[in-house]
Amino acid sequence: MSPLAPPVAGAIPVLLYHSVSDTPVGAFGPFTVSRAQLAAHLDLMLEQGFRPITVRQLLDGLATGGLPPKPVVLTFDDGFADFAANAWPLLTDRGLAATLYVTAGDLGGRSEWLASSGVRLPMLSPREIADLAADGCEIGAHSMTHPHLDCLPHAVAYEEIRTSKDVLEQVLGQPVDTFAYPHGYHSRATKELVIAAGYRSATAVRNALSHADDDRYAIARVTVTSDVGTADIARVLAGIGVRTASPRESWQTSVWRQARRMARPSGAGRR
Ligand SMILES: [Zn+2]
């Protein structure tokens, strides 16, 4: 592949993967990449001189000025069993790590929050996430039941945020200090609950590039879907066709939250 323009000055791509499997399941197909696809993405990053890092490495690097010149942050949401079987070997074969955000209430079970769309994917077990952590994977929390946190009463949202931290810390025997908002949905109140629960950072979605001055409690990520090829990843890394995250929420996000609050007062949701 021919070299592309250097990344937008100061832009930090944070990629969001979900399932990694050669046998995508039903409605979750668009959020599933194959093993060959992930391998090709990782090889492209390395060929282009990017250094894949975890969220913790991003924060440490920003704090100390020790970020590699071309960082790309790798995150995987939900905690599906296919992460250990399919994604982690591809990462470790290349000497890479990633941050895995786990829906703690479904550990060792199935993805119950997807059941209404007919998808019940196997989840990692407590033993498996402990092994991954021991092997250098960063484990973050992703709530207990994967709700729309910004539509829940604050006490209920806090319980989801805090309990998932406690459960994972109990399993791992080490601090869990990064959180990912389910569906990326958060409000200013949700962020305050995450801060109160003792997290150091939280990732959102926003489909934009992050940067050194990004909100540490709403780090912008770009979702990698099943149709994303190496040329698309190269464009994201080069900052082509992707905006850099603004410090403010867009008006579309506010309107969409209002619509979801009216449609789903319980905050129950999918993906
Ligand atoms: Zn999720």
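Which residues does Ser 187 touch, not counting residues up to four places away in sequence? I began my notebook with that one, keeping in mind that this is a predicted model.

**Entry 1: Ser 187**

I found that Ser 187 touches Asp 150, Arg 257 and Arg 261, once residues up to four places away in sequence are set aside. I then looked up where Ser 187 sits, and its place is in the loop between strand E9 (178–180) and helix H6 (188–196). Buried or exposed, I wondered about Ser 187? Ser 187 counts as buried because its relative accessibility is 9%, and the cut-off for buried is under 20%. I also noted a polar contact of 2.9 Å between the side chains of Ser 187 and Thr 190.

**Entry 2: Gly 95**

Next I turned to another loop residue. Gly 95 lies in the loop between helix H3 (81–93) and strand E7 (99–102). Gly 95 has 53% relative accessibility, so I wrote it down as exposed. I checked Gly 95 against Pro 52 as well: they are 43 residues apart in sequence, and their C-alpha atoms are 9.7 Å apart in space.

**Entry 3: the zinc ion**

Which residues coordinate the zinc ion? I listed Asp 78 (OD), His 142 (NE2) and His 146 (NE2), at 2.0 to 2.1 Å. Along the sequence, the spacing of these donor residues reads D-x63-H-x3-H. I looked up the two histidines too, and His 142 and His 146 are both buried.

**Entry 4: helices H4 and H5**

At what angle do H4 and H5 pack, I asked next? Helix H4 (residues 126–134) meets helix H5 (residues 154–172) at about 70°, and their axes are 9 Å apart. That angle means H4 is roughly perpendicular to H5. On the H4 side I noted Pro 126, Ile 129, Ala 130 and Ala 133, which meet Leu 168, Val 171 and Leu 172 of H5. Sorting the residues of this contact gave me seven nonpolar, no polar and no charged.

**Entry 5: helix H7**

My last stop was helix H7 (residues 230–238), where I looked for the buried residues and found Ile 233, Ala 234, Val 236, Leu 237 and Ala 238. What do the buried residues of H7 pack against? I traced their partners to strand E2 (14–17), helix H1 (35–47), strand E6 (71–78) and strand E12 (219–223). After H7 comes Gly 239, and I noted that its phi is positive, near 75°.

Key:
Residues numbered from 1 in each chain as written. Predicted model: local features only at pLDDT ≥ 70, side-chain atom pairs only at ≥ 80, totals over all residues. Heavy atoms only, no water. Axes fitted to C-alpha atoms, helices over the stretch in contact; angles between N-to-C directions. Helix = DSSP H or I, 4+ residues; strand = E, 2+ residues; numbered from the N terminus. Parallel < 35°, antiparallel > 145°, perpendicular 65-115°, else oblique. Contact = heavy atoms within 4.5 Å. Nonpolar A, V, L, I, M, F, W, Y, C, P; charged D, E, K, R; others polar. Donors = N, O, S within 2.8 Å, 3.2 Å for Na, K, Ca; no water. Buried < 20%, exposed > 50% of the residue type's maximum accessible area, 1.4 Å probe, protein only. Polar contact = N/O pair within 3.5 Å; in protein donor to acceptor, adjacent residues only side chain to side chain.
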